[in-house]
Amino acid sequence: MSDIVLDSISKSYGDVPIIRDFSLTIKQNSFTTLVGPSGCGKTTLLRMIAGLEKIDSGKLIIDGKFVNDFAPKDRKIAMVFQSYALYPHMTVFDNMAFGLKLEKKSKLEVEERVRDAAHILQLDEYLDRKPKQLSGGQRQRVAIGRAITRKPKVFLFDEPLSNLDASLRVQMRLELAKLHQNIDATMIYVTHDQTEAMTLSDEIVVMDKGNLSQKGKPIDLYKKPQNLFVAAFIGSPKMNTSPAIVKAQTKGQIELEIKNLGALIYVNDIKTKLPVGSSVIFGIRPEDLTICNEEIADTKSEVLVIEKLGSNTFIYLNNSGETFSVETGGDVDLRVGSPVFLKCDNSKIHLFDTTSHKIIN
């Protein structure tokens, strides 16, 4: 078993806490992605798992072994960095074989491992080339191949695609997905790119100021955020939010006055008792707002910006000085400044506590 267990891990730089009493179990052979804003501690956490950063307190267990004091080379881990870190004077073969030669593997074993890794990554025809003769995507595949040759139990990826252009990132996401299917190893991936996190991961871990904010399957984090931070961070454009006041509550249903929408909305299936006059934070995803006729609309707004992306369109609306976003079809016929009427999908509304910012069920 190569589960990774982080038990109350903490890390500070001087008096500044970076990771705060962090506990997490990463399952064997899973693809787990750490996401969060810059400075949230995700790369520091990855480097502690790799042995490149000292753990101040807590336990790190890999494959059933307490490894806090293990050197990086003894943790059976391979790390792929944001920069390719290839030796420019060496061929692709020699770059991929470098670590094995340091470990004094036999010439035959080096040859077999490098060629196996090259075959997995479709680099067979590039083994005699130098890095300068490769594209950015090919160079990153060489860096990944160098990690594969070591046959680690755990792969660590620190924003490996951030230096690539958009088309290469799409290609490399596919390569990483196939790699995970073909290799018997646990993968931990750090990124700020939500598309990478949503498409690659078995599980996403959202971090906020060194804390674990929420973990779960990508679709669960998107559809069932447990707090306002996750609701706003996961999704692009982010969830629309607005202060709201409870106007009435009957059995299982409340009536809300939404400040920034200037609308009265009914929300069903709320188990928590909310006193009339209490404040909450209303949230709804862009795709759960629909442009409709005035007769059935919940509210009226004005088009601020239109982003046409082909198959779909994002419309940004001016609501009482705040911007709301709506996702609609690619062929929508609207202009900046046009009035627009909106209907909320009442079954897709999220409510958050104004103090704790936790979801209200």
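Predicted model: local features only at pLDDT ≥ 70, side-chain atom pairs only at ≥ 80, totals over all residues.
How many residues lie between β11 and β12 in the hairpin that they form, and which glycine in the turn has a positive phi?

**View 1. Strands β11 and β12 form a hairpin with two residues between them.**
The glycine in the turn is glycine 252, which has a positive phi of about 75 degrees. Strand β11 covers residues 240-250 and strand β12 covers residues 253-258, and the two run antiparallel, joined by six bridges.

The strands β12 and β13 run antiparallel and are joined by six bridges, and one of the facing pairs brings together leucine 256 and its bridge partner in β13, isoleucine 265.

**View 2. Another open sheet of five strands has the order β15-β19-β16-β17-β18.**
Here, too, the pairing is antiparallel, and the edge strands, β15 (289-292) and β18 (322-329), each pair on one side only. Neighbouring strands of this sheet are turned by 50 degrees against each other on average, direction ignored. Strand β15 pairs with strand β19 (residues 339-344) in the antiparallel sense over four bridges, and in this pairing threonine 290 stands opposite lysine 343 of β19.

**View 3. Strands β6 and β7 pair in the parallel sense, over four bridges.**
Within this pair, valine 80 stands opposite phenylalanine 157 in β7. The residues of β6 named here point in two ways, with Ile77 and Met79 on one side and Ala78 and Val80 on the other, yet all of these are buried.

**View 4. Helix α4 (residues 136-148) is largely enclosed by the rest of the structure, because 10 of its 13 residues are buried.**
The helix reaches 18 Å from its first C-alpha to its last, which is close to the 18 Å expected at 1.5 Å a residue. Among the buried residues of α4 are Gly137, Arg141, Ile144 and Ile148. The buried residues of this helix pack against β6 (77-80), α2 (92-102), α3 (107-120), β7 (154-158) and α5 (166-182).

**View 5. The largest nonpolar core has 37 residues.**
The members that touch the most other members are Met96, Val114, Ile144, Ile148, Phe155, Phe157 and Leu176. Two or more residues of this core come from each of β6, α2, α3, α4, β7, α5 and β8 (186-190). Isoleucine 144, leaving aside its neighbours within four places in sequence, is in contact with Val80, Leu121, Phe157, Met172, Leu176 and Leu179. Apart from this core lies another, of 28 residues, which includes Leu274, Leu289, Ile315 and Leu334.

**View 6. Serine 167 has its place in helix α5.**
With a relative accessible area of 54%, serine 167 counts as exposed, because the cut-off for this class is over 50%. From serine 167 to arginine 285 there are 118 residues in sequence and 27 Å in space, taken from C-alpha to C-alpha.

**View 7. Cysteine 344 is buried, and its sulfur is too far from the closest cysteine sulfur for a bond.**
The relative accessible area of cysteine 344 is 5%. The closest cysteine sulfur, that of cysteine 292, is 9.2 Å away, whereas a disulfide would need the sulfur atoms to be within 2.5 Å. A search of the whole structure finds zero disulfides. Cysteine 40 also counts as buried, at 1% relative accessibility.

Conventions
Residues numbered from 1 in each chain as written. Heavy atoms only, no water. Pairing = 2+ DSSP bridges. Buried < 20%, exposed > 50% of the residue type's maximum accessible area, 1.4 Å probe, protein only. Expected span 1.5 Å × (residues − 1). Contact = heavy atoms within 4.5 Å. Core = buried A, V, L, I, M, F, W, Y, C linked by side-chain atoms within 4.5 Å. Axes fitted to C-alpha atoms, helices over the stretch in contact; angles between N-to-C directions.
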